[in-house]
Amino acid sequence: MTIANLPGEWPEPIVRVQSLADAGISAIPERYIKPPSDRPSPPPPQNPASRHPIVGDDDIPLIDVGPLFAGDAAAAAAVAAQVTEACRKWGFFQAVRHGVEPEVMDSAREVWREFFHQPAAAKEAYSNSPADYVGYGSRLGVEKGAVLDWNDYFFLHCLPSGWKDHSKWPATPTPLRDVVEKYSEQVNKFCGKLMKILSTNLGLEEGFLQDAFGGENFAACLRVNFYPKCPQPDLTLGLSSHSDPGGLTVLLPDPDVSGLQVRQNGNWVTVKPVTGALIVNIGDQIQVLSNAVYKSVEHRAIVNSNQERVSLAYFYNPRGDLLIQPAQKLVTPEKPALYAPMTFDQYRLYIRTKGPKGKEQLEGFGKKHQG
Ligand code: OGA
Ligand code: NI
């Protein structure tokens with residue numbers, strides 16, 4: 001399936017969700033109201049007497065990855081095993097002692113909170129278009145009449161350096177650009193470690209995944225999500241269900257407000273952020289390269305009526321022009337290649353055109369049709 005180039009303009013005038021929240025409306029406009037099947041659901045009923053607790057009523061795994069940065073090989077191997085298990089089963093985990101400094105995490109979150117709290121003009125100067133999505137945005141997808149999500153965001157490229165354009169990063173608050181640079185550097189190091197672990201535990205060379213991403217020429221981008229308070233949080237979503245199209249995602253959550261939900265066995269599990277933790281998940285490109293050993297799992301964000309929420313989603317991606325396909329060593333007569341080769345530049349056009357649509361892309365046209 002091919003998707004045409006993206007248009008240069010949004011199909012409808014853009015309304016900032018924050019402006020709706022600030023106006024103090026008591027009912028959300030119709031274009032944010034999800035069909036009942038997509039609305040946040042109360043957690044599944046639990047029977048305390050059951051001897052078989054419902055799988056998925058727990059939180060995602062919490063892993064202390066500190067040993068990856070120390071000299072104890074046995075301890076590092078134990079962490080690697082936990083990471084691998086989490087990525088096979090959940091596609092998600094929380095990591096503590098990940099090497100990203102607490103001050104850097106806090107300032108990254110705070111500069112962005114400050115950015116969104118500036119007067120409209122300071123933000124509108126960076127207003128984005130669907131042509132490249134870079135800048136201040138309020139929708140994902142270009143389908144006219146689509147039901148929208150309750151969030152505004154800022155999207156920027158950190159790598160490759162040719163795509164990084166500081167003039168498209170906010171000039172205010174003043175420390176923002178330096179803070180984002182530092183945050184990006186530290187998260188890249190953490191991701192580099194994870195890439196080695198994930199490669200080794202597929203029975204491949206430790207550099208396999210990184211090489212597939214372009215080695216030193218990998219790509220990285222940041223989507224900062226701002227979820228304003230919502231007067232009717234039961235009718236909408238902050239971000240509709242999707243899997244991340246890229247490689248690895250590192251999410252810096254809001255420590256005070258939860259909202260991320262992960263799909264596990266058909267249930268939506270709300271992640272409770274642990275202090276100092278980063279939330280890691282597998283994206284579609286690693287599912288493809290691993291021939292579905294590692295899973296990119298559906299997730300979404302819910303909103304609430306009394307607290308806004310800020311999250312930073314950092315995407316560690318393949319260089320856009322490389323063909324991504326299942327590792328040859330993982331393709332056998334018993335387990336043929338599940339996905340056809342595609343570049344990430346091509347792949348990401350789907351979500352940019354249609355908006356967040358669960359796992360439709362990977363399970364639909366991304367899947368290789370046999371015969
Ligand atoms: C994303 C994402 C979840 C959140 O930006 O891709 O899934 O909790 N964000 O903000
Ligand atoms: Ni996501």
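Here are a few friendly notes on this predicted model, going from the overall fold to the nickel site.

1. Let's start with the fold. The protein chain holds 10 helices and 14 strands. Its radius of gyration is 20 Å, close to the 21 Å that the globule rule gives for 371 residues, so the chain is as compact as a globular protein of that length. Along the principal axes, the C-alpha trace spans about 60 × 55 × 50 Å.

2. Next, packing and surface. Of the 371 residues, 54% count as buried. If you take contacts between residues at least 6 apart in sequence, 79% of them join residues at least 24 apart. The accessible surface of the chain comes to about 16300 Å², and carbon and sulfur atoms account for 53% of that.

3. The chain carries 37 positive and 41 negative side chains. The centres of these two sets lie 4 Å apart.

4. Now to the metal. Which residues are the protein donors of the nickel ion (ligand 2)? They are His242 through NE2, Asp244 through OD and His299 through NE2, lying 2.1 Å from the ion. Along the chain, these donors follow the spacing H-x1-D-x54-H. Asp244 sits in the loop between strand E6 (239–242) and strand E7 (248–252), while His299 belongs to strand E11 (residues 299–301), so this pair ties together parts that are 55 residues apart in sequence.

Technical notes: Residues are numbered from 1 along each chain as its sequence is written. Chains are lettered from A and ligands numbered from 1 in the order in which they are written. This is a predicted model: local features need pLDDT of at least 70, side-chain atom pairs count only at pLDDT 80 or more; totals for chains, interfaces and linings use all residues. Side-chain values use heavy atoms; hydrogens and water are left out. Helices (H or I, at least four residues) and strands (E, at least two) are DSSP runs, numbered from the N terminus. The radius of gyration is taken over C-alpha atoms; the globule rule is 2.2 Å times the number of residues to the power 0.38. Buried means under 20% relative accessible area, exposed over 50%, partly exposed in between (1.4 Å probe, protein chains only). Contact means heavy atoms within 4.5 Å. Accessible areas come from the Shrake-Rupley method with a 1.4 Å probe; for residues, only the protein chains shown count as cover. Lys and Arg count as positive and Asp and Glu as negative; His and the chain ends are not counted. The place of a charge is taken as NZ of Lys, CZ of Arg, CG of Asp or CD of Glu. Donors are N, O and S atoms within 2.8 Å of the metal (3.2 Å for Na, K and Ca); water is not among the atoms, so sites may look incomplete.
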